[in-house]
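Trainee: Could you take me through one part of this model closely, namely the place where chains meet? I would like one connected account that I can follow with the structure open.

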There are 4 protein chains.
Amino acid sequence: MRKKENHSVTAADAASGKPIRRRDSVATRARIMAVATREFASKGYEGAGTDDIADRASINKRMIYHYFASKERLYLAVLENAYLKARASEATLDLDQMEPLKALQTFVEFTFDSFVQDRTFINLLATENLQKAKVLKKSKSVSSFNSPIIQAMGRILKRGEAQGVIRPGLDPLHLWITLIGICYFFFSNIYTLSVILETQFDKPDVVATRRAHVVDFVMNAVRPHKA
Amino acid sequence: MRKKENHSVTAADAASGKPIRRRDSVATRARIMAVATREFASKGYEGAGTDDIADRASINKRMIYHYFASKERLYLAVLENAYLKARASEATLDLDQMEPLKALQTFVEFTFDSFVQDRTFINLLATENLQKAKVLKKSKSVSSFNSPIIQAMGRILKRGEAQGVIRPGLDPLHLWITLIGICYFFFSNIYTLSVILETQFDKPDVVATRRAHVVDFVMNAVRPHKA
Amino acid sequence: MRKKENHSVTAADAASGKPIRRRDSVATRARIMAVATREFASKGYEGAGTDDIADRASINKRMIYHYFASKERLYLAVLENAYLKARASEATLDLDQMEPLKALQTFVEFTFDSFVQDRTFINLLATENLQKAKVLKKSKSVSSFNSPIIQAMGRILKRGEAQGVIRPGLDPLHLWITLIGICYFFFSNIYTLSVILETQFDKPDVVATRRAHVVDFVMNAVRPHKA
Amino acid sequence: MRKKENHSVTAADAASGKPIRRRDSVATRARIMAVATREFASKGYEGAGTDDIADRASINKRMIYHYFASKERLYLAVLENAYLKARASEATLDLDQMEPLKALQTFVEFTFDSFVQDRTFINLLATENLQKAKVLKKSKSVSSFNSPIIQAMGRILKRGEAQGVIRPGLDPLHLWITLIGICYFFFSNIYTLSVILETQFDKPDVVATRRAHVVDFVMNAVRPHKA
DNA sequence: AATGAATGAGTATTCATTCAT
DNA sequence: GATGAATGAATACTCATTCAT
């Protein structure tokens with residue numbers, strides 16, 4: 001009944017300096033989170049069921065309530081975790097150390113590539129927006145989720161303008177939304193687009209073409225009028 | 001939205017001098033569609049319930065099955081109708097009659113504005129993509145939904161390149177996806193963005209700022225390198 | 001919308017000397033009866049649905065109520081018709097003209113063969129007995145259904161005893177039940193027997209073997225002790 | 001009717017000194033089975049409802065699905081249980097220890113009497129045959145249901161032939177079907193027969209007469225030609 | 001005679017959640 | 001910390017039947 005993932009989890013715990021808890025408890029919680037993330041992402045909030053989650057995590061359903069109190073709170077935990085992971089992985093980019101244009105390109109490529117690997121976050125956001133962010137609003141850690149990257153964007157634009165490689169007048173917030181959006185829509189709507197346009201958009205070569213287009217489009221959009 | 005049987009029914013009615021609305025299958029069908037569209041768009045496929053739809057349409061639940069056979073088929077009808085409406089309203093734009101850049105700008109503004117008024121289509125697409133287009137795949141009228149606009153895009157690019165006002169090398173399909181995407185993401189994710197960035201993105205002035213940014217960004221992205 | 005069976009039905013009507021009715025009405029009634037018989041026999045009273053019956057008879061569901069007033073009354077009509085047909089076909093046997101043993105054998109073979117061709121009657125009886133003859137009790141023509149054959153049985157036994165070819169002491173009513181029963185059970189339970197005994201009992205050679213066994217068994221059971 | 005888990009549960013209970021009935025899965029399961037058997041037997045598969053079964057077993061409807069997964073699986077459990085009970089009670093007969101004719105008579109009387117007491121099995125078989133054994137086919141324990149008695153029949157015939165008390169040429173399988181059938185039909189169709197023949201066939205004296213007839217008929221049918 | 005629209009009570013099944021141990 | 005039993009309300013869907021024309 002016990003699973004092998006124990007080791008890594010315990011290690012992570014130890015590393016983060018938390019008091020040592022009974023291994024089972026940590027592992028069970030982690031297993032619930034992993035399965036719930038998959039289920040919510042693939043079926044939406046309504047579509048995912050506590051029975052399925054419990055079964056697939058090989059735990060008793062009651063444990064979900066033991067650790068998370070309710071389906072909604074479990075979902076919120078999943079959502080917060082997704083934001084944390086996204087931000088944490090953005091934080092490794094070190095955009096401030098790069099040339100401004102290189103920084104923008106890197107950010108776009110990073111965003112695009114993160115969606116190629118895993119659309120979990122996209123699906124969670126789709127679900128949450130369908131509910132008008134009803135659950136996310138209840139989060140307490142929300143405020144810490146997004147600001148840094150907007151500010152980083154601002155610093156890039158400033159440096160770029162100063163160097164004359166980026167045209168002035170770009171708003172960091174809206175630029176950020178735009179860059180994400182260009183990457184996002186292709187993946188968030190990949191299934192309906194594939195049906196409507198009768199093309200398989202998730203084939204590697206199509207994805208590669210798309211990636212090139214996105215980078216090219218953005219680079220041209222931010223360049224000064226006469227280089 | 002109206003069906004062909006209208007003619008005969010209305011004609012017969014007029015002829016017999018009876019009051020217009022009796023046991024009006026067309027009206028009932030239309031009422032179900034209208035309510036279902038609202039419900040599916042606001043709650044997703046799983047979230048919307050046949051009981052609610054029936055209640056809100058003031059019809060007997062059984063009628064849904066009389067006219068649409070199943071919840072899924074009703075949802076598909078709603079989805080197809082949304083595509084048809086979207087394409088029909090795009091078709092009124094007459095892009096081929098405009099200057100290339102003007103045409104692009106008009107298309108972007110039109111797309112953006114259509115989302116301002118009504119996020120129904122966005123929500124239906126979100127729901128459908130969560131289900132990997134499971135239902136849309138079953139549509140028989142699908143093929144007629146999207147091609148014309150991509151071709152129009154191609155003609156605009158061609159004219160723009162010829163006139164030297166649009167840079168060469170842009171792919172019409174990917175350009176179309178990008179333009180839609182830039183408009184789309186802001187609205188599809190407006191609730192989570194509002195929470196995360198602690199801003200109310202649906203306030204008119206924010207929307208106006210966003211609109212200007214989008215148009216500006218696109219116009220700069222398609223311009224030739226040295227004008 | 002009209003069907004070809006019209007002719008035969010009308011002919012039958014004419015032959016029976018009834019006043020000529022509008023053909024459609026007769027045909028519709030007949031079509032409902034035919035389909036309902038099939039449906040009730042194959043699915044039981046609960047299992048058969050008025051929707052299905054209407055669809056398969058290519059008539060409007062309302063017609064069932066027009067002609068038969070309710071599902072139960074339709075079912076009763078089907079049941080009465082089945083009894084009438086069974087008795088009518090028994091009446092063609094002319095058992096009184098045969099040698100007593102020959103008459104018994106003929107009756108057994110006739111009963112057995114009638115089940116080979118068509119298990120409709122068996123299924124209707126199964127359904128009706130599950131309901132404790134709730135519906136049949138309401139029939140008004142019931143009394144005329146069965147007596148003649150029991151009396152015929154009595155005459156055969158009398159003649160057989162007199163001739164010394166049938167042992168005395170056999171009760172005509174119970175003999176009749178026994179003869180029917182020996183034929184009946186094999187067919188009424190053919191599906192469960194086939195599964196339990198892992199044999200396909202409806203294969204022609206198995207049926208033939210069964211028929212021979214039944215005749216042999218009965219003939220031996222009625223014979224006088226010392227021939 | 002009781003299950004093996006009883007022992008451990010009861011033992012544990014006794015050991016811990018707790019009151020006997022707590023949240024007793026065995027009892028609940030058994031109660032559902034008992035009620036379901038009654039309901040399916042008296043109303044057929046379609047006629048019996050999960051709501052009724054739950055109410056009459058004084059359990060929450062959800063429990064049916066907890067223990068049996070679906071109405072069909074519950075019905076299958078009921079069916080298998082009925083076969084097991086029937087075979088188990090047959091097994092107590094010890095036919096091999098009796099004189100051949102006595103053994104046949106005992107088997108017939110036993111079969112007849114088992115139907116007098118309880119027509120549950122008959123009704124379940126009627127229901128199942130109406131569905132063409134659709135459910136029984138899915139049983140995994142089916143094969144073990146019937147073979148022993150046929151073989152016992154074979155041994156009786158062999159002994160009887162050797163002793164010259166049973167005529168040769170009787171097939172054990174068909175003899176078994178015939179013996180059951182003679183008993184079965186009277187009870188399976190007792191309601192329709194009672195209506196048609198305007199007699200109450202379930203009155204004790206009629207049943208007794210029938211029993212005597214059946215035994216007499218069978219004994220005469222198996223006897224050698226010249227005693 | 002015939003039709004399609006409409007109804008309300010019913011079906012099996014699933015849901016998130018809580019209780020007892 | 002963990003479990004299996006238990007719950008009641010909700011789900012999509014079907015039923016026999018009646019209404020209006």
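Mentor: Happy to. Let us begin with what a contact is: two residues are in contact if their C-beta atoms, placed from the backbone, lie within 7 Å. This is a predicted model, in which local features need pLDDT of at least 70 and side-chain atom pairs count only at pLDDT 80 or more, while totals for chains, interfaces and linings use all residues. Residues are numbered from 1 along each chain as its sequence is written, and chains are lettered from A, with ligands numbered from 1, in the order in which they are written.

Now to chains C and D. In chain D, 100% of the interface residues are also interface residues in chain C, so the copies meet through the same surface. In numbers, 45 residues of chain D are in contact with 45 residues of chain C. The elements of chain D that give two or more residues to this side are α2 (25–47), α7 (120–130), α9 (172–188), α10 (190–196) and α11 (204–222). Helices here are DSSP runs (H or I, at least four residues), as are strands (E, at least two), both numbered from the N terminus. The largest share, 10 residues, comes from α9(D). Sorted by class, the side of chain D that touches chain C has 20 nonpolar, 17 polar and eight charged residues. For these classes, Ala, Val, Leu, Ile, Met, Phe, Trp, Tyr, Cys and Pro count as nonpolar, Asp, Glu, Lys and Arg as charged, and the others, Gly among them, as polar.

How are the two copies placed? The superposition is by least squares on the C-alpha atoms of residues with pLDDT of at least 70 in both copies.

Next, turn to chains A and B. Here 45 residues of chain B are in contact with 45 residues of chain A. On the side of chain B that touches chain A, the elements with two or more residues are α2 (25–47), α7 (120–130), α9 (172–188), α10 (190–196) and α11 (204–222) of chain B. Among them, α9(B) gives the most, with 10 residues. By class, this side of chain B has 20 nonpolar, 17 polar and eight charged residues. Of the interface residues of chain B, 100% are also interface residues in chain A, so these copies meet through the same surface. Chain B can be laid on chain A by a turn of 180° and a shift of 0.0 Å along the axis, with an RMSD of 0.1 Å. In chain B, the C-alpha nearest the axis belongs to Ala221(B), 1.8 Å from it.

Finally, some background on a single chain. Chain A has 11 helices and zero strands. Of its 227 residues, 36% count as buried, where buried means that 20 or more other C-beta atoms lie within 10 Å of a residue's own, exposed 12 or fewer, and partly exposed in between, with C-beta atoms placed from the backbone. Among contacts in chain A between residues at least 6 apart in sequence, 65% join residues at least 24 apart.
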